[in-house]
Amino acid sequence: MSETVIVMGEPGKRTVEEASQWLKRLYWVERETMRTLGGYLVSVSNWELKKKIPRHMWQDSLRADALRTRILEMRYPRRDVDQGHHPLLKSYLSSLIKCRNDAELVSGVYFVTKKALYEAYEAYLQGADPLDDAPTVAFMKHFGPQLKEQLEEIAEIYGSLPEKSASGEWQSALEQYMNAIGGLMEATAPVEERELLLPSVLMRDDYTPPLVPARDPRFEKAHYHMPPRSYTKFIEHQVWQGINHVNEIWASEVPGLAMWRWNDMPWEFYLDSARWAYDEARHCMMGEERLKAWGFEAGVDYPVFGDHYASVSEQGELALLVLLHAFETGGPKWKSGLKQHFEAKGDTASSQDFDYDWADESIHLHYGHKWTLHRLGGDADDLEDYKAQLMECWNRWIEAANKRWDYEPFMGRIEHKIAELEAGRHE
Amino acid sequence: MNDYEIRLQLEPVRSFRAAAGETILDAAIRHGIDIAYSCRNGTCRTCIVQVIAGEVAQEEAESCMISAQELEMGRRLICMSTPRSDAVLAKIPPRQSKRTKPDESIGG
């Protein structure tokens, strides 16, 4: 006689092992789409897209971190969570950065990959036991709405991209590839069991980041960003600092590039870099918001140019990160002084921005010291020497650039707008 | 409760008193001294100094961004340091660069 078994409630649908494997796959997709966005950020030319991506990278990093933390709670070995991903999945994800323009980046990362991620989260939640797997459900139920918002924000920008009509072939090829690897919801079959006949459009050369960051083609040509003379009155100081803030976008591009170039760092590096990139994009938007309120248009009335980046980019991404860290080392004294000065003058919009920027720089100094030192093998003296060496490079670069260009037509436009503001003619 | 005389050999040189258990940065701020600082958690390294004389304890050193070697050399992050005696603190002098390592390449 067979034994009687009482079947209580819902039958079991997913083991811990199955759940952890699925979450590991989704974690890796989040990590790699974030790294793709980081690496390509310096090549993105559309200004709205350039400012939007870092926020998405930060959100991606937080989703990835929640997944990674949860995987490790599910009897999953720490040494394995960042390893052993299927070669086909890795190959698919590494092809995303071979896009050739903003529209292809958006179509590959968002319209194919993030859309699939959205569907995968919905499917995971449908099959998840709300009690047994409650810790996963608690955070994952917020992922769908967040991805939906990302997709909607990007779709709006995509509509204005000039290359959008030519991105269809790239998107179709990636959709085909995604189908061939079995999508994101199931474990991919071993590579030798599949015959992948991928479209030739995917067989492109490896991505090479530019030495001078791309800027919006609608912007006037510039060769450096700060006015070449000191401000002579407070209203000029306000405008100069606004221009400086907008051009902090280079500081978003640097950690983005580093997270893509270095694929062998501890997970915390990617988490920190995504936050760093987002903070710097926020600082850029702080300046743009103030200048816009005063009647200045980015790239038209004042320059947007990645001069800091261009000054050392030939030396590589470590040089870029060390230069950024060197600039931020002097930041707290400078930004706290600006906060006090602008507050005393009654410009509380600027002083509040400097206050939050100063707070952000505290954590960036932590990141900068920790990760540049990591790359330099823990040699603190070498880091100090490198910072000094790169600051010298920058000083030489900007001195030469100041001699080559007189900052026109921007200086004329800035002075004209300031005169209008002083005459009370600004609306 | 004891308090201690702290002499900051920055520019300009300033002296002030810090209570036992009070961080040197908090004491400096309390006395209205203009000094570079940021995180107040021992992580950004903006306030790093060299102890020239006296005893200064690095509190919660394990969570601060300061190496054992730096502590050994008498360096302290004053946002997380408390005096154990009168003390003289100075800015860390710039190094003579000995950099010889090759750079990583962006295109490589």
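View 1. A residue is called buried if 20 or more other C-beta atoms lie within 10 Å of its own, exposed if 12 or fewer, and partly exposed in between, with C-beta atoms placed from the backbone. Arg45(B) belongs to the loop between α1 (24–30) and β3 of chain B. Helices (H or I, at least four residues) and strands (E, at least two) are DSSP runs, numbered from the N terminus. Although Arg45(B) is not a glycine, its phi is positive, at about 70 degrees.

Residues are numbered from 1 along each chain as its sequence is written, while chains are lettered from A and ligands numbered from 1 in the order in which they are written. As the model is predicted, local features need pLDDT of at least 70 and side-chain atom pairs count only at pLDDT 80 or more, whereas totals for chains, interfaces and linings use all residues.

**View 2. Strand β3 of chain B and its two antiparallel partners.** Strand β3(B) covers residues 48–53. Three bridges join β3(B) to strand β5 (residues 75–77) of chain B, and Ile48(B) stands opposite Leu77(B) of β5(B). Three bridges also link β3(B) to strand β7 (residues 87–90) of chain B; here Ala53(B) faces Val88(B). Two strands pair if DSSP finds at least two bridges between them. In a regular strand, side chains alternate between the two faces of the sheet.

**View 3. The loop between α15 and α16 of chain A.** This loop, between α15 (380–404) and α16 (410–422), holds Pro409(A), and Tyr407(A) is also placed there. The peptide bond from Glu408(A) to Pro409(A) is cis, with omega near 10 degrees. Tyr407(A), a residue other than glycine, has a positive phi near 75 degrees. With 19 other C-beta atoms within 10 Å, Tyr407(A) is partly exposed.

**View 4. A cis peptide bond in chain B.** The bond from Glu11(B) to Pro12(B) is cis, with omega near 0 degrees. Pro12(B) is found in the loop between β1 (3–9) and β2 (14–19) of chain B.

**View 5. The contact between chains A and B.** Here 26 residues of chain A are in contact with 20 residues of chain B, contact meaning that the C-beta atoms of two residues, placed from the backbone, lie within 7 Å. On the side of chain A that touches chain B, the elements giving two or more residues are α12 (317–329), α13 (331–345), α14 (348–375) and α15. Of these, α15(A) gives the most, with eight residues.
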